[in-house]
Structure formats: C-alpha cells, structure tokens
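Me: I would like to go through the terms used for this model and see what each one rests on.

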Amino acid sequence: MAWFIRFTRFLTAHVVHKQENVNSCGIACILMANFKMKKGMMFAGMAAGAQVSVVPIVGKYIGPTLAKSAIDYAVKSEPEVYKIYGEVIGSTYDGTSYTNAKKHPEVLAKLGLGAWECHWAGEAGMGAAIKGAVAAGAPCIAHVMWDGGGAHFVLVDETSDFGGKSYAMINDPGDGDVHPTELSAGTIRFKTGKMSGWIVRRK
C-alpha cells in the first residue's frame, strides 16, 4: 500500500495514500479519511499491545494480536474498500472508473465513521464549506474538475491561517503529496483545475 508521511511549510504533518489505480482517487480519499479519524484509537491499541506483550505467556499472544487488530482497524487497503463500494452501488468495482461522490457517505458509514453527506456548496462556497467541515473535527473530500476535462477527488484534513489568508492542506492521492492551497472567497484553483462545488463531509 502506498502510504507516505508528508510535511508542509505550515509545520503540519500528514499521512497520505497515493491512489493505486487510474481512477481510484475517491477510494484513496476514503482510505485517508478512515485512517485520520481512527488513528488515535489505533495508536492507543498499539501502545496497549506493547504493554500487554510483557506479560508472561498470555501476553506473548494477546499483545501482538491487539496491536495488529488496532492497525487493521485504521488502515484499510484499496481492494477492501473497492468491495464495500461495490456493495453500495450493486456491482463490481476495480478502481478503473470514477466513483460517485453521492455514494461516498454510505461507504464511510460502513467503515464505522458515522453519518456523512455529499453537499453542494457551489464554487464560491467551497472555502467556507471546507473550513467548517474541518473545524467540526473531521476531514472532508473535495471534487476537482480539470481544465482539460476529467475530474479528481482530494482530501482536506487541516486548515491554517497565515498572513491574513486561509489555506487548506490538500492531501492529493494523485501524487501522494500535500499541497497547501489558498481558500479564496471565490473559485478555488488546484493545480490545473478548480474545485467544482461538491464536498463530502461528516454531518
């Protein structure tokens, strides 16, 4: 699995998953959302596993099992989420076609992440929508339309204010990197495209 630790000029650290198939960016964003919302419990489980491991006899079995379960809880693979997405849409999915953002909330819910929604914020409303979603304590998935055609999903897990401007830390599954991007009051540009106005956020 293509997971990377990235740092930004805002002194923020992010774990980014690079998509494994040509059109699996939506799945990669769901994977990142799952990790980012469960990482606290994962680290607690790993720590507990390490502590239990020192207990004679029983600890040698329970400790590693607990630690592995904690990691499996937070870190999913693309094929695992392909299967869940396929169950939601009622057909087989393999990462070679775009996912439907309106189906993402159900997939996120099946991963135990609570209730989500696919919301139309409009191009000019994306900055406020992203800030609001992240401030509420969860990452969000934003839809990008490329200037030359086609589309892409990215995940925002943090925002930062600097010099009177707000920036979104965009985790891009396309290149596995984080791109601080200004949240302008109007259309938000990302690389060679713009945010369309659709956002998947937790309710």
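**Terms and their cut-offs**

Reply: The charged end of Arg9 sits over the ring of Tyr167, 5.7 Å from its centre. This is a predicted model, in which local features need pLDDT of at least 70 and side-chain atom pairs count only at pLDDT 80 or more, while totals for chains, interfaces and linings use all residues. Residues are numbered from 1 along each chain as its sequence is written, and side-chain values use heavy atoms, with hydrogens and water left out.

Me: What makes Arg9 sit over the ring of Tyr167?

Reply: The rule asks for NZ of Lys or CZ of Arg within 6 Å of the ring centre and within 35 degrees of the ring normal. The charged end of Arg9 is 5.7 Å from the centre of the Tyr167 ring and is listed as sitting over it. Tyr167 is also linked by ring pairs to Phe10 and Phe162 in a cluster.

Me: Why is the pair of Tyr85 and Tyr93 called edge-to-face?

Reply: Rings of Phe, Tyr and Trp (its six-membered ring) pair if their centres lie within 6.5 Å; planes under 30 degrees apart count as stacked, over 60 as edge-to-face and the rest as tilted. By this rule the count comes to seven aromatic pairs. Tyr85 and Tyr93 have 5.0 Å centre to centre and 70° between the planes, so they form an edge-to-face pair.

Me: Are Tyr85 and Tyr93 buried or exposed?

Reply: Buried means under 20% relative accessible area, exposed over 50%, and partly exposed in between (1.4 Å probe, protein chains only). Tyr85 has 3%, so it is buried. Tyr93 is at 7% and therefore counts as buried too. Of the 203 residues in the protein, buried ones make up 46%.

Me: Why is Val22 called exposed?

Reply: Its relative accessible area is 62%, so Val22 falls in the exposed class. Val22 is found in the loop between strand 2 (13–17) and helix 1 (25–53); helices (H or I, at least four residues) and strands (E, at least two) are DSSP runs, numbered from the N terminus. Not counting residues up to four places away in sequence, Val22 touches Gly95 and Thr96, where contact means heavy atoms within 4.5 Å.

Me: How do you know that the side chains of Asp157 and His14 make a polar contact?

Reply: A polar contact is a pair of N or O atoms within 3.5 Å; within protein, one must be able to donate a hydrogen and the other to accept it, and residues adjacent in sequence count only if both atoms are side-chain atoms. The side chains of Asp157 and His14 are joined at 2.9 Å, so the distance meets the cut-off. Asp157, in strand 5 (residues 151–162), makes a polar contact with the side chain of Asn171 at 3.1 Å through its own side chain.
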